Amino acid sequence: MNARFSRRDFLKASIAAGVAIKVSFLLPSARAQLIETPPLPGPDWLNADGKPRYRLDAIAKVTGQKTFSRDYRASDLPGWPKEQSHAFLIHATKADQVFEGIDLSILGDDLKPDRVLLHEDLVADGIVIPVLGFYGDVFLVPKGQTARLLGQPVALLIYRDFARFDAAKRLVRFNDSVVRYGEKAPYSHPANYGAARYVRIGGSDPSAEDLYSPLKDAVIYGGFSGNEPTWPAAGEGDPVARGMAAADEIKKEIDGAGDALVLRRSYFSQSVDASAMEADNGNVWYDPSSGTLHAMIATQSPYEVAEVTAILVSKSKFPLKNVDLKVGYTVGYGTKDHAILPFYCVVAGLYGDGRPVRLANDRYEQFQLGLKRHAFWMDNTLVIDRATGQFRAMTGHFKNDGGGRANYSFSVAMVGATAAQSIYYLPKSDFSAAALASRAVDAGSTRGYGTLQSMSATEMMVDEAAELLGVDAIDLRLKNVLKSGMKNSQGAIPAGALRNEEILRKASQHPLWVQRTEKKASFDAANPGKKYGVGFGHVHKDYGTGAEAALATVEFDAKGRIRLAHVAHEIGTGTTTSQAIMVGDILGRVPDETEYGKVLWPQMPLESTDEPYTLSQADEDQRKQNPRWTPRITSPMSATNSVYYLGHATREAARALVELSIWPAAQSVWSRGIGGGALAPYSVRPDELSLANGIVNAGGMPSLSLADVAAEAHRLGLITGVTVHTFNRWQWTEAEFDIPGVGHRKMAIDALALKYGDGAPADKKALMTLDGWQFLNRAAVTYPPVQRNNAGVTYYAPMATFAEILVDIGTGEVTLLSHHSITECGTQVVPELVSGQIQGGIAMGIGHALKEYLPLYEDGPGDGTWNWNRYELPRARDVAVWSQTAEVLPPLSSTDAPKGLAEVVMIAIVPAIANAITHAIGKRFYELPITPEKIREALT
């Protein structure tokens, strides 16, 4: 979404501080080097059909050798000093009293820290927040001021030995005397983060041109009066004024809807901690002798950590020449995407006196400082024609609480608004989003990204509408389902085939649905005190951010050994497995060597200011004339982007290698001998080429081993390595290249580098000047227009879920008996990974529906007392482990692209459970989670 921060924001931040910094100005530039976790898979990794028997990292997992970033100490990292220092933060638990200082007398002389850092120390040394607003305005609360948010750090303590560090941390925890407060004062959280509105009025039918839409016209941005959004005036002039006039027209239609059903409901979705098993952590060694900052940090966005670190340090008194960032295996569910803790780690490392300093949250600190899922308040109105059951209009006005740092709160609010239509076609819609600031712990890009909140509300509302109309809830959905070619609430046509109608028809015939009334009657009669219910939810969620970029290399040597290098790194989704399998699906054999998390790409000398959401069309048209320019270098590991977007780079590189090397090399082998060899009598086309199990064949030709074909490609000096860069703005960029010895080609990439085989002539080898590669300047490029940002989303993956439950009317406890899901994700690259995502995502959704809850303010996680002893997560007994089932629709063709579904799988279960509870006890709930206490209250 265009509310995301860009690298220009980082540069503006440094300029505002009086220092014009670009990462590329560093000598050398800020760099990120990623490490991989051994051991490699065993020889039985693959089945005979080339599909994996287990994940690429499975052996390391089950043998206990799989390590997370927090498992590393300085002694584990080559070239680092063996001595390890440790640090912890002291936090403010009050936001309405002035901070006056800290009192460490409880520690005595033996446990005094070796270094204490306060805000004033950092400012004196030139250390300031690198991106004002996004990460707040100060690292540590200044004396004489109030904390911007509950849990904000006030001091950083560093110890040179673990024993004293550990003992001191235990004494300080929960001790109210350590932080000294003064007089009461107003809250000092930032101003609200932003308001946006998406208004659409369709044409005379779904295929007609829209009268108004964000894609065709404009997204409307507003201001605030207190916590209420304010909007521009309606009119007939510019697109924004016409958009407000369209919103007024929708309101008038709702107010005068006559005998139509006008359903108005308000919903609330709570603040949640994602509870990733690895808490945020980092280990940083600043070497003043070389001006190098070495870091080992758990993050989903390593590029940004490295570059923002460079800006942070370069503005301080600490000389900096290099940033060497290492990133191990991690998992974050979005909470490690642009989190602030990495920069606290950097600050700690700067004061290590030449020793590495480790700063790692324990679980109390993770609750206190880690990014949260946003709390949402949603006011919805749905207008339905009683005679036809057709939706006429829908409005939704949403607010989320982003806490005391902006992070991605505005973007999350916007995405929630654009998702609110769910799987339905709406002739008229008006969805607004307002991101509020408060003293709460900050929230960010946690799994679901606003869509869980808004689509759950929509699905609960549609279920209630069906009840009020006296119609079957699935039938009502079928009458209004969004079909292929129809427009979303932004006025964009979603990519490819939408299969929600197919899913709904399957769901309508499922025994859980067909037999629900009869089964409820018999169960309730046989089980006094318990009530049976079945609920249904159906959603589809976007995947991607609208600015997805990736780099990938596929190459082979003269023996046919395949190598894959990729920017993607593992965060628990299995991307390292799936990317390798994609190569195997195209080349007929998985790579022999892989390098993931690659950050240094000398063969791709690309340039970017990384402002894909904010650059004007005129500026982009001018900049793209530079054949090395791209809107973005690479994307964080987030937004369900690995299998489709990052996989696109893998697939394009592998396909290019087939076209440019394997096909001509195979032709050369088949043409050997008199009269053109075995190939001459036949007419064999490139589309007949078959690569499987290390064998190359086509159109009745003799089978060749991939090794033989590779040897021939090298002998001929053909292209034997391809590196690509890709960019997607809700549509793929395409570029044209004049490839030596091949000709003119158009590809769905925007940058290309080539490697030639061993037998290439000297003039071709002379072109490979960039680490053994030739960067090929593109002849032309077509980037999706910047107006495409207003599409909000064009890629969707669907998920429908049944929940079968019983409610104990005495205790209010909900027991999940079973759940069944139907989804569609294009071509499954690794079906076992899809199954794992479904099971894990549903478990997370169950927690959101029934158990997980965090108060936002003084009694919430900012007070430092929250842990899993208070925060209730779903366990195996809560998620129907042994009675869960799922069906994945087969692809429509063998060429269907895979779809990202890691987030959508967690959403449908939430309204399914809420609707099941209503079916069971006849009461509706509008606030999550639905706890036993709320059920008991409703029943009394």
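**Sheet**

I began with strand β28 (residues 734–739), which pairs with β32 in the antiparallel sense over three bridges. I took strands as DSSP runs of E, at least two residues, and helices as runs of H or I, at least four, numbered from the N terminus. Two strands pair if DSSP finds at least two bridges between them. The model is predicted: local features need pLDDT of at least 70, side-chain atom pairs count only at pLDDT 80 or more, and totals for chains, interfaces and linings use all residues. Numbering runs from 1 along each chain as its sequence is written, and side-chain values use heavy atoms, without hydrogens and water.

I looked up the partners in β32. Ala 735 stands opposite Val 781, and Glu 736 has Ala 780 as its bridge partner.

On the other pairing, β28 and β29 are antiparallel over five bridges. Asp 738 bridges to His 744 in β29. Three residues lie between the strands of this hairpin, where Gly 741 takes a positive phi near 75°.

Which strand order does the open sheet have? I read β29-β28-β32, with antiparallel pairing. The edge strands, pairing on one side only, are β29 (743–747) and β32 (780–782).

I also checked the faces of β28. Ala 735, Phe 737 and Ile 739 make up the covered face; Glu 734, Glu 736 and Asp 738 make up the uncovered one.

**Rings**

I found 33 aromatic pairs in the structure. Rings of Phe, Tyr and Trp (its six-membered ring) pair with centres within 6.5 Å; planes under 30 degrees apart are stacked, over 60 edge-to-face, the rest tilted. Phe 134 and Tyr 408 are edge-to-face, 5.1 Å centre to centre and 80° between the planes. Phe 134 lies in the loop between α3 (119–124) and β5 (153–159), and Tyr 408 in the loop between β18 (391–401) and α9 (409–419), so the pair ties together parts 274 residues apart in sequence.

Buried means under 20%, exposed over 50%, partly exposed in between (1.4 Å probe, protein chains only).

I noted a cluster too: ring pairs link Tyr 543, Tyr 644, Tyr 645, Trp 730, Trp 732 and Tyr 795.
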